[in-house]
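Trainee: Could we go through this model together, one region at a time? I would like to understand how its parts are arranged.
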Amino acid sequence: MGIDKKSEPINRVDGRAKVTGKAKYFAEFEVPGVTFCVMVTSPVTRGTITTINTKAAERAPGVLAVFTHLNMPAIPGWAEQGNNSKLPSGGERYHMLGSNKILFNGQPVALVIADTLERAQHAASLVTATYNKAEHHTDLLKNKEKAAMPPRMGDYTRGADTNAHNTAPVVLKADYTVPIEVHNPMELAGILAFWEGDDKLTVYAKTQGVKSTQRTLAGAFKIDEKNIQVYAEFVGGGFGMGLRTWPQEVVVAAAARAVKKPVKLVLTRDQMFTLVGYRPYTIQHISMGATQDGQLTGIYHEATAETASYDDFTEGTVGMTRFMYACPNVTTKYRIVPLDRGVPIWMRGPGEATGAFALESAIDEMAYKVNMDPLQFRLKNFAETDPEKNKPFSSNNLKEAYQLGSERIGWAKRNPAPASMKDGEWLVGYGMSTGVFGAHRGESTCRAQLNADGTLLLQSATSDIGPGTSTAMVQIAHEVTGLPIEKIRFELGNAAFPPSGSQGGSATVSSVGSAVFDVCTALKGMLTEAGLSFDNGTVKPAAGKSDGLQEVLSKQNKTFFEVTKSSKGGAEQEKYSMYSFSIHFAEVRVHPATGVVRVKRVVTVADSGRIVSPKTAASQMIGGVTGGIGMALTEEGIIDHRFGRFVNNNLADYHVPVSADVPHIETIFVDKPDPITNPMGSKGMGEIALIGFSAAVANAVYHATGKRIRELPITPDKILSA
Amino acid sequence: MDDQLKNGEHTGTSRRSFLKKSSLITALALTPDTVIKAAEKGIDEQIASAIETMPLNVTINGVKQSVRIEPRVTLLDLLRERLHLTGTKKGCDHGQCGACTVHVDGQRVNSCLTLALTTEGRNVTTIEGLADGDNLHPMQEAFLEHDGFQCGYCTPGQIMSAVCCIREGHANTPEEVREYMSGNICRCGAYSNIVDAIMDVKQGGKKV
């Protein structure tokens, strides 16, 4: 049983709070007596602190405390871990303010807590330190010999002819580079923490998972999860950086216990580059073989990515290559290089977006080599079933998506020859690519409360970093119960609610939505037992009964009906390979004299099952494309390796797309329910919106200019020197 | 590898030591005796605010505010941390993102780059002051209708900026809107919908 009709587009249920400034983000809660924390960070990239002088800061007005490794209270859970990690690098663990060791540039060495922000900022400027500097390594290209296979990502081989990619009639060999990219959500990260006594902690957090933050803090302080309350009702963007509870957040909570006051930490924008993760610098080699008539015979794909010396960050960079095309021989390898850097974290699309840039560029290159239309080449090598897992896809409407997108952009009308089209002095190019991401569904729990006035309250400890979780959930509840949208309220971002997973991996609608579906279905059953039913948007007596909702509740001495349901995928899902797909078409203009690339038009198609919330889903696609424009053309975190330090750690020098960079974006949904994934028939949306888009731009640039740019971002200098 | 580095090589002149030096040097004439004595007795913390703050009279969302603040306090931090008008957002604190955009005497400014004391006697409007009671401003309605946001964090700044974009006469075409709204970053990437919202308000002809 599922939902079989198409959803109506509705405005966000929390939109009014956002347009009036009433939506409160973590740093905005009024907590009496709140104090302000400012961090002093290391200008050294590797070494030890030899001396640190906090006297002037301690004497400064309004200062409550200054914490360094010399006086920071131990974090019990960290002390238990010990110092040595079990990593390929053999590196030491990073325990902030736990020792005098410096493991990366920008590592906090002192926390200053004062009664106002300005006083904390000033006092932080008074902390002085000396360092014993050790040799550091931050450049992946100069440390490739340290590459190691991470424990969680083994090599993959399919097919007997592992050399097919070298011996095929047509062979392509190419190297691709994706630079450091930084999530940079508009809201600065941090935490607001306070204690009642020594064992009851409350935090307002910037997190994509209130339960995950609760678990991390419980583990760090060795106290019961029930004694830790985490709130995150509104989160000002995450894109992956909120999938971890960062060390400074734990340390600030510890500091709040020590000073016995609420403490608020808001990172500075430059600290957002070093302390809350990033997309790792990744180099990729693809070797691809095909027959003269365009049948793939072998693919070899190797990715090498940076990680911290103290953590083995791993992502699915080579995953798409394993199953996307019907190629008999495929080998993938993934390696990580430990460097003296803070640890990366999944950034929207994560590794799949990095990998798709390489694979979908290479597919385009090979199509031109065998003199085929890139769209026809993809169709010729289309995988009807998943060649990696040898399972059928739960749904795969890629062919329809290719058709919808190509018709809308006018693909067939272009002159396919590179550097053949012009618009005034600008060169014109069309490019396309495919994106794919697993259609995941995790376990999730939801509580429903049907009140006597006929309103429905739903609660789950999930998050909304922007996609519109509550809006989608209210729509699902509306479709199951028939209650009008305005009578349904969905609450999230509170760790005391029934548990759900973090918002990541495009799984929220599938996971939490299933719990909403199940709990609303259970509620219907409960009403039937009570002689009631949902009828045309209200609760009415069932046929042959006369008592309405209020009468039934009062006779049962209740003020509301409530039911809580947990939901997860069943065994039938094991039989299928479940993926969400996207197709991106980009039309670009390239200026031959300046090398400037402008994205002129975008058509993006999603095969992400039944669309639960059409309006917010379209926004998610638009947003993913916008992030993809940044990935393709402007975004690059640049480190001066002599110092191991960013040189562009601000929003003026790290270029995220602005309005003038982004054209009107057309979104198309195949909007066909997936029969397997979940009762709504939905598949994920957040990642596929971005995955592959950068390749569509690179391919369009090639079509416009005949120049193949394999290193992102595609800045004017690269066009001019190619 | 014995390269010794220092950070924060400031002289560390605290207000207390400044006052002590002052008592010996020329500032004597400027600083009341009682203050110097209090400082020497170590009770200067309590009176610090009295001598380190300045009066500010400013009208915010039509309400006259009289506060004492340090000269280094920005309009943004005044709004967020002291007046609890948290609709105005801090995204970079460097005038690079536009999240803190408010109107000062009807003009859009980055409140993070505006020292609060410079708004003496002026009219400041924040997102909280844009709607007419429960009736949303047309720009707020349009953002809601066109889904011109996702996480909502840049939204107050976008809306305040968008209102001025039209008032300035810079909303005649979508291209012009894109250019004149490029000081407001939206990392969720809602630009396409934001431009639609602004054009809708402009073409609707309602007073902004």
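Predicted model: local features only at pLDDT ≥ 70, side-chain atom pairs only at ≥ 80, totals over all residues.

Trainee: Which residue is the bridge partner of T604(A) in β30(A)?

Mentor: The partner of T604(A) there is T667(A). T667(A) also belongs to the covered face of β30(A), together with I665(A) and F669(A). The uncovered face of β30(A) consists of E666(A) and I668(A).

Trainee: What is the strand order in the sheet that holds β30 of chain A?

Mentor: The order is β18-β19-β26-β27-β30, in an open sheet of five strands with mixed pairing. From one strand to the next, the twist averages 30 degrees.

Trainee: Which strands stand at the edges?

Mentor: Those are β18 (421-423) and β30 (665-669) of chain A. Each has a single partner strand, so one side of each has no neighbour in the sheet.

Trainee: How does β18(A) run relative to β19 of chain A, parallel or antiparallel?

Mentor: β18(A) and β19 (residues 426-438) of chain A run antiparallel and are joined by three bridges. Within β19(A), V428(A) is the residue opposite M421(A).

Trainee: Which helices lie across that sheet?

Mentor: One is α11 (residues 398-409) of chain A, which lies across β19, β26 (579-590), β27 (597-607) and β30 of chain A. α11 runs at about 20 degrees to β26(A). Another is α16 (residues 693-705) of chain A, lying across β19, β26 and β27 of chain A at about 155 degrees to β19(A).

Trainee: And Y430(A), is it buried or exposed?

Mentor: Y430(A), which sits in strand β19 of chain A, is buried: 25 other C-beta atoms lie within 10 Å, and the cut-off for burial is 20 or more.

Trainee: What does Y430(A) touch, leaving out residues up to four places away in sequence?

Mentor: Y430(A) touches I409(A), W411(A), R414(A), E587(A), A700(A) and H703(A).

Trainee: Changing topic: what is the order of the seven-strand sheet in chain A?

Mentor: That open sheet has the order β3-β5-β1-β12-β9-β10-β11, again with mixed pairing. Its edge strands, each pairing on one side only, are β3 (63-67) and β11 (228-231) of chain A. The twist here averages 20 degrees from one strand to the next.

Trainee: How many bridges join β1 to β12 there?

Mentor: Three bridges join β1 (residues 35-41) of chain A to β12 (residues 263-266) of chain A, and the two strands run parallel. C37(A) stands opposite L265(A) of β12(A).

Trainee: Which strands does helix α7 of chain A lie across?

Mentor: Helix α7 (residues 247-259) of chain A lies across β1, β3, β5 (108-114), β9 (190-196), β10 (200-205) and β12 of chain A. Its angle to β9(A) is about 35 degrees.

Trainee: Where do the backbone angles deserve a second look?

Mentor: As background, most residues other than glycine have a negative phi, and most peptide bonds are trans. L97(A), which is not a glycine, has a positive phi of about 55 degrees, and N390(A), also not a glycine, has a positive phi of about 55 degrees. The peptide bond from L712(A) to P713(A) is cis, with omega near -10 degrees.

Trainee: Now chain B: how many of its residues are in contact with chain A?

Mentor: 65 residues of chain B are in contact with 64 residues of chain A. On the chain B side, α8(B) gives the most, with five residues. That side divides into 25 nonpolar, 21 polar and 19 charged residues.

Trainee: At what angle do α6 and α8 of chain B pack?

Mentor: Helix α6 (residues 155-167) of chain B packs at about 40 degrees to helix α8 (residues 191-204) of chain B, and their axes are 10 Å apart. That angle makes α6(B) oblique to α8(B).

Terms used:
Residues numbered from 1 in each chain as written. Chains lettered and ligands numbered in written order. Axes fitted to C-alpha atoms, helices over the stretch in contact; angles between N-to-C directions. Helix = DSSP H or I, 4+ residues; strand = E, 2+ residues; numbered from the N terminus. Parallel < 35°, antiparallel > 145°, perpendicular 65-115°, else oblique. Contact = placed C-beta atoms within 7 Å. Nonpolar A, V, L, I, M, F, W, Y, C, P; charged D, E, K, R; others polar. Pairing = 2+ DSSP bridges. Buried ≥ 20, exposed ≤ 12 C-beta atoms within 10 Å, placed from the backbone.
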